[in-house]
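Subject: Structure handover

Hello,

Here is the structure you asked for, with my notes below it. Please read the notes with the model open beside them.

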Amino acid sequence: MDDARVEKTYSTSPDQINHDIGVYIFWGWDDKPIRIGKAVKVRNRVLSYRKPITQGGLPVVIEQSQYVSYIRTKDKRKASDLEIALIRKYRPKFNKQYND
């Protein structure tokens, strides 16, 4: 993660999230990750969670999160590797893949 930069952005202000490639982390009220993902445009992906489930959203994540942080990466490959590593480390409840 030497080329990554962590930026903490509160979910009440998603406008502050950049459009960069990276990994986003939804943090629960206990300050533990509840959902980790990667995106080419982090802001768009985070905002998509507000959509109804029928439109591909996951509003329960928004309801149970205190804030969102994100880590910028140089490219998609680094974002993917970082996402997998973080999911394996933290085992968030809304991530089923890579938890083994």
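What follows is an account of the fold, the strands, the cores and the last helix.

This is a predicted model, in which local features need pLDDT of at least 70, side-chain atom pairs count only at pLDDT 80 or more, and totals for chains, interfaces and linings use all residues. Residues are numbered from 1 along each chain as its sequence is written, and side-chain values use heavy atoms, with hydrogens and water left out.

Overall fold

The protein chain has three helices and four strands, in the order β-β-β-α-α-β-α from the N terminus. Helices (H or I, at least four residues) and strands (E, at least two) are DSSP runs, numbered from the N terminus. Of the 100 residues in the chain, 41% are buried. Buried means under 20% relative accessible area, exposed means over 50%, and partly exposed is in between (1.4 Å probe, protein chains only). The accessible surface comes to about 6000 Å², with 49% of that belonging to carbon and sulfur atoms; areas come from the Shrake-Rupley method with a 1.4 Å probe, and for residues only the protein chains shown count as cover. A contact means heavy atoms within 4.5 Å. Among contacts in the chain with a separation of 6 or more, 63% are between residues 24 or more positions apart.

Strands

Two strands count as paired if DSSP finds at least two bridges between them. Strand β2 (residues 22-28) runs antiparallel to β4, joined by seven bridges, and also pairs with strand β3 (residues 33-39) in the antiparallel sense, over six bridges. Phe26 shows both pairings: it stands opposite Val68 in β4 and opposite Arg35 in β3. The hairpin of β2 and β3 has four residues between the strands, and Asp31 there takes a positive phi near 60°.

These strands are mostly covered. In β2, seven of seven residues are buried, and in β4 (residues 65-72) six of eight are. Six of the seven residues of β3 are buried, so β3 is largely enclosed by the rest of the structure.

Aromatic residues

Rings of Phe, Tyr and Trp (its six-membered ring) pair if their centres lie within 6.5 Å; planes under 30 degrees apart count as stacked, over 60 as edge-to-face and the rest as tilted. The count comes to five aromatic pairs. One of them is the stacked pair of Trp27 and Tyr67, at 5.9 Å centre to centre and 20° between the planes. Trp27 lies in strand β2 and Tyr67 in strand β4, so this pair ties together parts that are 40 residues apart in sequence. Separately, Tyr24, Phe26 and Tyr49 form one aromatic cluster.

Cores

A nonpolar core is a set of buried Ala, Val, Leu, Ile, Met, Phe, Trp, Tyr and Cys residues joined through side-chain atoms within 4.5 Å. The largest core has eleven residues, including Ile17, Tyr24, Phe26, Val46, Tyr49 and Val68. Elements giving two or more residues to this core are β2, β3, α1 (42-48) and β4. Leaving out residues up to four places away in sequence, Val46 touches Ile17, Tyr24, Phe26, Ile62 and Val68. A second, separate core has ten residues, including Val23, Trp27, Ile71 and Ile87.

As background, side chains in a regular strand alternate between the two faces of the sheet.

Helix α3 (residues 76-90) has 15 residues and reaches 21 Å from its first C-alpha to its last, close to the expected 21 Å; the expected span is 1.5 Å times one less than the number of residues. In α3, Ala79, Leu82, Glu83, Ile84, Leu86 and Ile87 are buried, and their cover includes β2, β3 and β4.

Val40 sits in the loop between β3 and α1. At 43% relative accessibility, Val40 counts as partly exposed. Beyond its neighbours within four places in sequence, Val40 is in contact with His19, Asp20, Ile21 and Lys76. The C-alpha atoms of Val40 and Ala79 are separated by 8.6 Å, although the two residues are 39 apart along the chain.

Regards
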